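Hi,

Here is the structure I said I would pass on.

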Amino acid sequence: MFYEPKDGHGLPHNPFNAVVAPRPIGWISTRGADGADNLAPYSFFNAVAYVPPQVMFASTSAKEDRGDTKDSVANIRETGVFTVNIVEYAMKDVMNRSSGPWARDVDEFDDAGIAKAACQTIDCARVADAPAALECRMTQIVKIEGEANFVVFGEVTGVHLRDDCMMEGKFDVTRFTPLARMGYQDYTAVREVFPLKRPE
């Protein structure tokens with residue numbers, strides 16, 4: 001099968017995000033200028049640089065009460081900071097709850113019963129029990145093709161690692177089973193890792 005996206009795929013469901021899979025999930029916490037906290041998962045997310053450490057996530061839809069975007073991007077525009085919380089399999093249900101199209105005055109931490117903690121380098125909340133959390137200062141927001149498509153880049157200014165995920169000086173993902181996004185409504189869990197040594 002071959003198709004050009006501009007002509008449509010002719011399938012019951014769009015296969016694009018099933019092709020680019022699995023994708024890590026950035027569980028983005030933000031705080032608006034009014035002090036209200038927000039938490040939402042994004043599967044267009046990744047790390048993009050080592051020095052300085054930088055990450056990105058993309059928001060691809062809008063809400064009526066936020067104009068051209070969603071709560072996360074709107075809050076980052078106001079305050080310039082955000083936190084990436086890493087999602088473990090055990091948190092899949094509360095993560096999914098936080099993905100709802102809630103009004104801007106809904107605190108997803110409270111709505112889903114998620115414990116929050118203060119960040120150290122930025123004025124933002126984080127998921128207290130997440131395996132890891134990356135405190136970030138926004139470096140740029142880039143508008144890309146599409147009505148509500150924005151890519152947010154941030155420099156990591158603080159890193160939280162949960163103690164039980166550290167083994168012999170390494171952050172061990174098998175200790176918490178990362179959750180990843182597949183296509184459609186499907187997810188997967190990382191339970192097995194193996195090494196590959198790069199050619200010299």
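The largest nonpolar core has 18 residues, and V55, F57, F82, V84 and C136 touch the most other members. By nonpolar core I mean a set of buried Ala, Val, Leu, Ile, Met, Phe, Trp, Tyr and Cys residues joined through side-chain atoms within 4.5 Å; buried is under 20% relative accessible area, exposed over 50%, partly exposed in between (1.4 Å probe, protein chains only). At least two residues of this core come from each of β3, β5, α2, β6 (81-86), β9 and β10. Helices (H or I, at least four residues) and strands (E, at least two) are DSSP runs, numbered from the N terminus. There is also a second, separate core of 13 residues, with I25, M91, A112 and I114 among them.

Before you go further: this is a predicted model, in which local features need pLDDT of at least 70 and side-chain atom pairs count only at pLDDT 80 or more, while totals for chains, interfaces and linings use all residues. Residues are numbered from 1 along each chain as its sequence is written, and side-chain values use heavy atoms, with hydrogens and water left out.

Back to F57. Leaving aside neighbours within four places in sequence, F57 is in contact (heavy atoms within 4.5 Å) with I28, Y42, F44, F45, S72, V73, I76, F82, F150, V151 and V152. F57 sits in β5, opposite F45. β4 and β5 run antiparallel, joined by four bridges, and a hairpin of four residues links them. Two strands count as paired if DSSP finds at least two bridges between them.

Next, β3. β3 pairs with β2 (residues 26-31) in the antiparallel sense over six bridges, and T30 stands opposite N38. Five residues lie between the two strands of this hairpin, and G35 in the turn has a positive phi of about 90°.

Now the pockets. On a 1 Å grid over the protein atoms alone, a pocket is an open set of points where a 1.4 Å probe fits, with protein on both sides within 12 Å along at least five of seven lines; lining residues have an atom within 4 Å of a point. Grid points are joined across faces, edges and corners, and a volume is the space filled by probe spheres set on the points.

The largest pocket has a volume of about 820 Å³. It is lined by 33 residues, with P41, S43, T60, K70 and R181 nearest its centre. β3 gives the most to this lining, five residues. By class, the lining has 14 nonpolar, 13 polar and six charged residues. Here Ala, Val, Leu, Ile, Met, Phe, Trp, Tyr, Cys and Pro count as nonpolar, Asp, Glu, Lys and Arg as charged, and the others, Gly among them, as polar.

What is the volume of the second largest pocket? About 610 Å³. Of its 24 lining residues, F45, N46, A47, I86 and L134 are the closest to its centre. The largest share of this lining, four residues, comes from β4. The class count for the second largest pocket is 22 nonpolar, two polar and no charged residues.

Cheers
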